[in-house]
Amino acid sequence: MKGGFFGLRGKQTSLILLALVCTTILIWAWEKTPLLMTLLPPQTSMQLYPGAALEDKEVVNDQEEQALSILDPLAPKKSSPGIWNSDSDMITPSDKKGVTVNFPKEESRDNRKPEEKRSLENAEDVALVVAAPISSKNKSSALDWKEYKNLTSAGNQACNYAIGKWVEDDKLPLYSGLECKQWLSPMWACRLTQRTDFAYEKFRWQPKNCKREKFTSSNFLRRMQDKTLAFIGDSLGRQQFQSLMCMITGGKERPDVVSVGAKYGLIKARGSLRPDGWAYWFPETNTTILYYWSASLCDLEPLNITNPSTYYAMHLDRPPRFLRRFLHKFDVLVLNTGHHWNRGKLKANRWVMHVGGVPNTDPKIAEIGGAKNLTIHSIVKWVDSQLPKHPGLKAFYRTISPRHFFNGDWNTGGSCDNTTPLSDGKEISSDESLDPVAVSAVKGTKVKILDITASSQLRDESHISRYSIKATTGVQDCLHWCLPGIPDMWNEILFAQL
């Protein structure tokens, strides 16, 4: 046989070599050109990353709070017994029969332009993406591998701000309790009291698996350029508001910061001790920070407007009028409630529970735990329903702030005399929240949880204690915190998620 390679003719040999070269080029181009991947049919059963189909754990709380004291109980794992008293079933809105949740018609619409889709800025968002199967309708599921790898740690665990430990930091506090007089109430500035130990000011919360930008005034204001942040809640929400004002200003006098409370109707009414809230505008970045007092997060409506001693309809399924009226002006919303849910407070404030616009007749809801549970679920559900109309809005629900009354309650000799930081431990390793009602309320919504309960539970030495300016013999404040103090940490966690 003549010529050729292994008996093949020259022309056949050339064709084989040409085919091999073309095949090699095609394989190389396939690997280097992602666009060619679009020619493949979709692989709906593929999981790109570990944990891509993580199963959500439903939090079930079958106990109801029965708070007969003037303050709402919360039980620590290592604290005095009897701080959490529960003996009946807690319900969610889906458990109710024959009750229609009545949300008022929206009073104003957001006319701002929708923001462009942002890249994921924090690992909480990443956790939600990773948990979504690739076959789902979630278009954000295809998370870039490098981004996924950078924002997770060993074991592929996403950042969780509720898990971590307290570490000593000599650079703290971020402001002086002696100097922040423009924003801080004297009753919460423990440096102005007889207290002499301030070691509690020198500890920083370090979340596990989280890399976050350091809080500074310039960082915060830059991130909140042309934006409004609103705190709506009880006195602990007011503490968080005052803490943030001190953190932004460094506790210094700022004559350039303008009070704009009147724009939101936050003016002191005749005969009132204080207005229903405060709002301040930072002109350098066009940033507004405000607080509105709504202890229960319910809409309160006088039953007889002509009677100064009238009772009020406490609409458990209706958000406060202030929130409905001004929601379109907010870019960040932080809600909280908890310590006013007891019989004493309801009776003193003359609040009468209403559901669906009429007095409540459901015995389960009539229980304090049932009413509180319904309200939290209702307001979170309402806010979530408004988010599509306000695409620039980020909404948070902050979990309950723990109280530390030992050997009694606020009015029966309960105290919190410990002054040694972290005497009950410094680390939280469990991902199970101490506020299951809050967890179940935000589940399945786009409202984020600001879980501060367990980390704050370790800091019983940081309360006002017996050092109140207007101290009463035998009465200690083991509910509110010294400032600077624990609410600063809440704001650092909030800042990390903005």
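I'll start with the lining of the largest cavity: its residues divide into 10 nonpolar, 1 polar and 5 charged. Before going on, a reminder that this is a predicted model.

The cavity itself holds about 150 Å³ of space. Of its 16 lining residues, those closest to the centre are Leu172, Glu201, Phe203, Gly485 and Asp488. A search of the whole structure turns up 3 cavities of 30 Å³ or more.

Which elements supply at least two residues each to that lining? They are β4, residues 203–208, and α12, residues 486–496. α12 gives the most, with 4 residues.

How enclosed is α12? It is largely enclosed by the rest of the structure, because 11 of its 11 residues are buried. On helices in general, residues three or four places apart point the same way, because an α-helix has 3.6 residues a turn.

Stepping back to the whole chain. There are 12 helices and 18 strands. The chain has 498 residues, of which 48% count as buried. Taking contacts with a separation of 6 or more, 77% are between residues 24 or more positions apart.

Next, the strands around β8, which spans residues 287–293. β8 is mostly covered, with 6 of its 7 residues buried. β5 and β8 run parallel and are joined by 6 bridges. Strand β7, residues 277–282, is also joined to β8 by 6 bridges, but that pair runs antiparallel.

On the β5 side, I'd pick out Ala230. It sits in strand β5, residues 228–233, and its bridge partner in β8 is Leu290. Is Ala230 buried or exposed? It is buried, because its relative accessible area is 0% and the cut-off for buried is under 20%. Setting aside residues up to four places away in sequence, Ala230 touches Leu290, Phe330, Val332, Leu333 and Val334. Take Leu333 from that list: Ala230 and Leu333 are 103 residues apart along the chain, and their C-alpha atoms are separated by 5.0 Å.

Now the turn of the β7 and β8 hairpin. There are 4 residues between the strands, and Asn286 takes a positive phi near 55°. Glu284 is found in that loop between β7 and β8. What does Glu284 contact, leaving aside neighbours within four places in sequence? Leu221, Arg254 and Asp256. With Arg254 there is a polar contact, side chain to side chain, at 2.6 Å. Glu284 and Asp226 are 58 residues apart in sequence, and C-alpha to C-alpha they are 9.6 Å apart in space.

There is also an open sheet to mention. It has 4 strands in the order β9-β10-β12-β13, with mixed pairing. β9, residues 299–302, and β13, residues 358–359, each have a single partner strand, so one side of each is left without a neighbour in the sheet. Further in, β10, residues 312–315, and β12, residues 351–355, pair in the parallel sense over 4 bridges. Met314 stands opposite Met353 in β12. As a general point, side chains in a regular strand alternate between the two faces of the sheet.

Where is it? In the loop between β14, residues 394–398, and β15, residues 427–428. Thr399 counts as buried, because its relative accessibility is 0%. Its side chain has two polar partners I want to name. A polar atom of that side chain lies 2.9 Å from the backbone nitrogen of Ile452. The side chains of Thr399 and Thr453 are joined by a polar contact of 2.7 Å. Beyond four places in sequence, the contacts of Thr399 include Ile449, Leu450, Asp451, Ile452 and Thr453. Ser433, Asp435 and Ala438 are also in contact with Thr399.

To return to the opening topic, the largest cavity has α12 as the element that gives the most to its lining, and α12 is the helix with 11 of 11 residues buried. That's where I'll stop.

Methods. Residues numbered from 1 in each chain as written. Predicted model: local features only at pLDDT ≥ 70, side-chain atom pairs only at ≥ 80, totals over all residues. Heavy atoms only, no water. Buried < 20%, exposed > 50% of the residue type's maximum accessible area, 1.4 Å probe, protein only. Contact = heavy atoms within 4.5 Å. 1 Å grid on protein atoms, 1.4 Å probe; cavity = no way out; pocket = protein on both sides within 12 Å on 5 of 7 lines; lining within 4 Å. Points joined across faces, edges and corners; volume = space filled by probe spheres on them. Nonpolar A, V, L, I, M, F, W, Y, C, P; charged D, E, K, R; others polar. Pairing = 2+ DSSP bridges. Polar contact = N/O pair within 3.5 Å; in protein donor to acceptor, adjacent residues only side chain to side chain.
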